[in-house]
Amino acid sequence: MSREILRIATRSSPLAIWQAEYVQQRLESLHEGLSVELVRIKTQGDKILDTPLAKIGGKGLFVKELEEAMMDGRADIAVHSMKDVPMELPPGFELPVICEREDPRDAFVSNTYESLMALPEGACVGTSSLRRQAQVKANRPDLVVKSLRGNVQTRLGKLDAGEFDAIILAAAGLKRLQMHDRIRYEMPPEESLPAVGQGAVGIECREGDARTIELLSPLSDKDTWDRVVAERAMNRRLEGGCQVPIAGFALLEGDELWMRALVAEENGGRVLRAEGRAPRAEGAALGVKLAEELLGKGADVILQALYQKH
Ligand SMILES: NCc1[nH]cc(CCC(=O)O)c1CC(=O)O
């Protein structure tokens with residue numbers, strides 16, 4: 001009997017490979033006789049490292065080339081960090097599964113300083129994300145934020161070379177790559193509200209590919225799904241397509257979702273916040289409601305100004 005084969009399109013960064021191998025191992029242990037192969041793709045987003053992402057087409061860059069591989073049959077699924085998945089998928093694709101979430105928080109990493117608040121006046125913090133930058137500046141207007149791109153190893157290398165006093169990364173990436181020891185502390189959501197979908201891995205496939213969806217379905221985590229649906233509904237309503245200083249973070253308390261959201265000026269001058277609760281089945285409506293509350297507070301003006309600039 002011939003073995004059934006499923007191919008995973010993945011970016012070639014160590015974190016992307018970790019995520020793809022995680023899905024590969026789970027699928028192979030769940031389905032006897034299934035062989036899962038990795039198809040490594042070097043995306044433009046990984047190749048162009050000297051330009052802020054927002055300027056070269058945003059995070060969609062990481063996803064598009066994996067979709068091309070699925071469309072032309074080189075691969076059957078793509079494994080993504082949910083944080084990098086655009087709010088609208090192109091026609092012909094769906095994202096049926098989100099796996100159990102890793103730590104969603106941002107991590108403060110420094111070889112010298114204990115915390116953001118312990119940094120000396122005028123210290124230099126590295127981050128490529130406008131969301132992190134805005135919250136750093138809101139907490140510490142005196143700090144200098146400098147752009148930092150590249151995969152996790154590259155970013156840590158720049159910190160170690162002395163280019164920054166501290167950097168901020170997703171805790172999930174560091175934990176998955178066995179680099180827990182680099183984390184000085186996990187930043188509480190009050191200090192750095194995480195990005196929509198941060199720490200969660202999603203699996204995309206060709207729309208209506210019933211056999212693939214059947215194979216994937218045991219990997220789905222319902223709690224993570226409900227949280228990320230609420231967060232993404234907020235982002236979609238704000239049309240936070242390209243890289244923008246938007247944060248959205250939902251927690252489950254029993255069967256109730258508690259979600260906090262934020263839109264900020266990139267210099268941290270204004271930080272608009274909204275929060276609310278809803279039954280877990282009504283996460284999408286909660287996300288939209290919080291987005292509209294933020295728009296009512298002036299988020300539309302902040303986002304418009306930003307889109308004109310980038
Ligand atoms: N934007 C790149 C990216 N996409 C996902 C992660 C981390 C892992 C995750 O959020 O699941 C990272 C690195 C980072 O933000 O430090």
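Asp-84 sits in the loop that runs between β3 (77-81) and β4 (93-98), where helices (H or I, at least four residues) and strands (E, at least two) are DSSP runs numbered from the N terminus. At 13% relative accessibility, Asp-84 counts as buried, a term that means under 20% relative accessible area, while exposed means over 50% and partly exposed lies in between (1.4 Å probe, protein chains only). The C-alpha atoms of Asp-84 and Gly-202 are 9.9 Å apart in space, although 118 residues separate them in sequence. The model is predicted, so local features need pLDDT of at least 70 and side-chain atom pairs count only at pLDDT 80 or more, whereas totals for chains, interfaces and linings use all residues. Residues are numbered from 1 along each chain as its sequence is written, and side-chain values use heavy atoms, with hydrogens and water left out.

Asp-84 is also one of the residues around the ligand, a group that includes Leu-15, Ser-81 and Lys-83, as well as Arg-132, Arg-155, Leu-169, Ala-170, Arg-176, Gln-198, Gly-199 and Ala-200; a residue is near a molecule if one of its heavy atoms lies within 4 Å of it. By class, this shell has four nonpolar, three polar and five charged residues, where Ala, Val, Leu, Ile, Met, Phe, Trp, Tyr, Cys and Pro count as nonpolar, Asp, Glu, Lys and Arg as charged, and the others, Gly among them, as polar. Both domain 1 (4-100 + 200-220) and domain 2 (106-186) give residues to the shell, so the ligand lies between them; the domain bounds come from an automatic or database domain assignment.

A polar side-chain atom of Lys-83 lies 2.5 Å from an oxygen atom of the ligand, and a polar side-chain atom of Arg-132 lies 3.1 Å from an oxygen atom of the ligand. The ligand taken alone exposes 400 Å², of which the protein buries 91%, with accessible areas from the Shrake-Rupley method and a 1.4 Å probe (for residues, only the protein chains shown count as cover).

In strand β10 (residues 201-206) lies Val-201, which is buried, with a relative accessible area of 3%. Between the C-alpha atoms of Val-201 and Ser-220, 19 residues apart along the chain, the separation is 10.0 Å.

Helix α6 holds Leu-174, a buried residue with a relative accessible area of 0%. The loop between α6 (171-176) and β9 (185-186) is the place of Gln-178, which is exposed, with a relative accessible area of 61%. Most residues other than glycine have a negative phi. In Gln-178, however, phi is near 60°, a positive value in a residue other than glycine.

A search of the whole structure finds two aromatic pairs, where rings of Phe, Tyr and Trp (its six-membered ring) pair if their centres lie within 6.5 Å, and planes under 30 degrees apart count as stacked, over 60 as edge-to-face and the rest as tilted. The rings of Trp-18 and Tyr-22 have centres 5.4 Å apart and planes at 10°, so this pair is stacked. Both residues lie in helix α1 (residues 14-30), four residues apart, or about one turn of the helix; Trp-18 is partly exposed at 30% relative accessibility, and Tyr-22 is partly exposed as well, with a relative accessible area of 24%. The pair of Phe-108 and Tyr-185 is tilted, at 5.4 Å centre to centre and 45° between the planes. This pair links distant parts of the chain, with Phe-108 in strand β5 (residues 106-109) and Tyr-185 in strand β9, 77 residues apart, and both Phe-108 and Tyr-185 are buried.

Key:
A polar contact is a pair of N or O atoms within 3.5 Å; within protein, one must be able to donate a hydrogen and the other to accept it, and residues adjacent in sequence count only if both atoms are side-chain atoms.
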